[in-house]
Amino acid sequence: MTRDTIRLPFAALAAMALLALIPTWIWVSDPLRAIIFLGAGLLAGIAGLLAWPRTALDQKASEMAGISSNSDTMLTWTDLAAAIPDPAIILDQTSVILNYNQAALNLFDRLRQGVPLEHVDRDPELIAAVSGAFENSEKKTARLLPRGGLGQRLIATVTPLGRSNQHGPLAALITIQDESQHHRLLEMRTDFIANASHELRTPLASVRGFIETLQGPARNDEAARERFLAIMADQAERMTRLIDDLLLLSRVEEKANLKPTGRVDLNDLMEEVVRSMAPFAQERSITISVEPLATPLVAMGDRDELFQVFHNLVENAVKYGRDGGTVKIALKKKTSVRDESVAARAFVSITDDGPGIAPEHLPRLTERFYRVSTEHSRRIGGTGLGLAIVKHVLNRHEGELSVQSVVGQGTTFDVVLPAYK
């Protein structure tokens, strides 16, 4: 039953009471006429009030309770706030809080119904946005000040609600979005582009300089030409390696959400890696020893990507190990004896006996372009992207990478991958 249906009987009663005054005036004499007039007037007045459309008081009460509809159902402010996944706060025309959701309470611990917004958050940009939304009946946005010292970047959107031709907005909805992650990604992208540009600019400048020299003063200098061409070839090779690693990293990131479904025998894969690294290891008189598993060690994954992971790790062990040293590779498999539902795990450890890595560098080793020693890394041909590629490939394979190092003794990289039982 709607409000209009309820009002009709009262409207009819008010009309009948007024019509009854006419015969009373004609046929009834004083003092009975006065009594009937008074009673009919009171009855018509009460019935008229009950039949009258919403009063301002009724409207204000409805604003505080919720949003009415044309049916028996009522959409409350609580329903509206709870349906919004982001932090949401609903204000009345005086900026008093009508309702909010749990996400907003987690952000503003002083949130309370019936409290002015200024008592909860005094951010001037937010207060100005709320005032502008009510005054202009337009959606406004505000960048909130960082909270809790965490460097959060919060954007509040203030949306006016219930505006009509007769009155301004009845309420305002504040929704808050956390753009911290998006901002961090933009910063990482900016840093990545800046670092990549710097890494390419240095060898490119070197090549251009030698070209100008060969075109000018050293045009007829045979010895200089041979020396400069060799340096230019090295710099071109450096740029090629960097571009190849950048493209590989990009391809890995594109497939980050695609879980690999192939099967890779890690025993065979490590033998292939060692064969590919043998010439480089011989140049430095480094011995690579492998302790394979007696039985096949089959892991879930993409063979080409896992080859790149272990090639990068073994290459680093050879590059940064000591001349005449040893690189040890061990493969193991572990299963849960107590819980058969726990998947088996394949373990591969790669250990060198080089100078080791200081503890302060360990947490940042997988960052793009991070180097413990920039000069040494560039001298031996490092791009600063090898361990970043390892990390992203292992993330896609649901694997793990850990590192332990003792300065003066060596470094061990441990790789853990899901394995077939």
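**Cores and helix packing**

Of the 421 residues in this chain, 37% count as buried. Keep in mind that this is a predicted model. The chain has 13 helices and 14 strands. Its exposed surface comes to about 24,600 Å², and carbon and sulfur atoms supply 56% of that. On contacts, take those with a separation of 6 or more: 61% are between residues 24 or more positions apart.

Now the interior. In soluble globular proteins, nonpolar side chains tend to be buried together. Here the largest nonpolar core has 46 residues. The residues with the most contacts inside this core are Leu-266, Ile-288, Phe-310, Val-314, Ile-329 and Ile-350. Which elements supply at least two residues each? On the helix side, they are α9 (222–254), α10 (266–283), α11 (303–320) and α13 (386–396). On the strand side, they are β11 (326–334), β12 (344–352) and β14 (410–419). The largest share, 8 residues, comes from α11.

Take Ile-329 as an example. Setting aside neighbours within four places in sequence, Ile-329 is in contact with Met-270, Val-274, Ile-288, Ser-289, Val-290, Glu-291, Val-314, Val-348, Ser-349 and Ile-350. There is also a second, separate core of 23 residues, which includes Leu-91, Leu-126, Ile-127 and Leu-154.

Next, helix pairs, starting with α10 and α11. Their axes come within 9 Å and cross at roughly 40°. Why call this pair oblique? Angles under 35 degrees would count as roughly parallel, and roughly perpendicular runs from 65 to 115, so α10 and α11 at roughly 40° are oblique to each other. The crossing is right-handed. From α10, the contact involves Leu-266, Asp-268, Leu-269, Met-270, Glu-272, Val-273, Ser-276, Met-277, Phe-280 and Ala-281. From α11, the residues include Arg-303, Leu-306, Phe-307, Phe-310, His-311 and Val-314.

The other pair is α11 with α13. These two helices pack at an angle of about 145°, with axes 9 Å apart. Is this crossing left-handed or right-handed? α11 passes α13 in a left-handed crossing. The α11 side of the contact is Glu-305, Gln-308, Val-309, Asn-312, Leu-313 and Asn-316. The α13 side is Gly-386, Leu-387, Ile-389, Val-390, Val-393, Leu-394 and Arg-396.

Key. Residues numbered from 1 in each chain as written. Predicted model: local features only at pLDDT ≥ 70, side-chain atom pairs only at ≥ 80, totals over all residues. Heavy atoms only, no water. Helix = DSSP H or I, 4+ residues; strand = E, 2+ residues; numbered from the N terminus. Buried < 20%, exposed > 50% of the residue type's maximum accessible area, 1.4 Å probe, protein only. Contact = heavy atoms within 4.5 Å. Areas by Shrake-Rupley, 256 points an atom, 1.4 Å probe, with all protein chains shown as cover. Core = buried A, V, L, I, M, F, W, Y, C linked by side-chain atoms within 4.5 Å. Axes fitted to C-alpha atoms, helices over the stretch in contact; angles between N-to-C directions. Parallel < 35°, antiparallel > 145°, perpendicular 65-115°, else oblique. Left-handed = near helix turned anticlockwise from the far one by under 90°.
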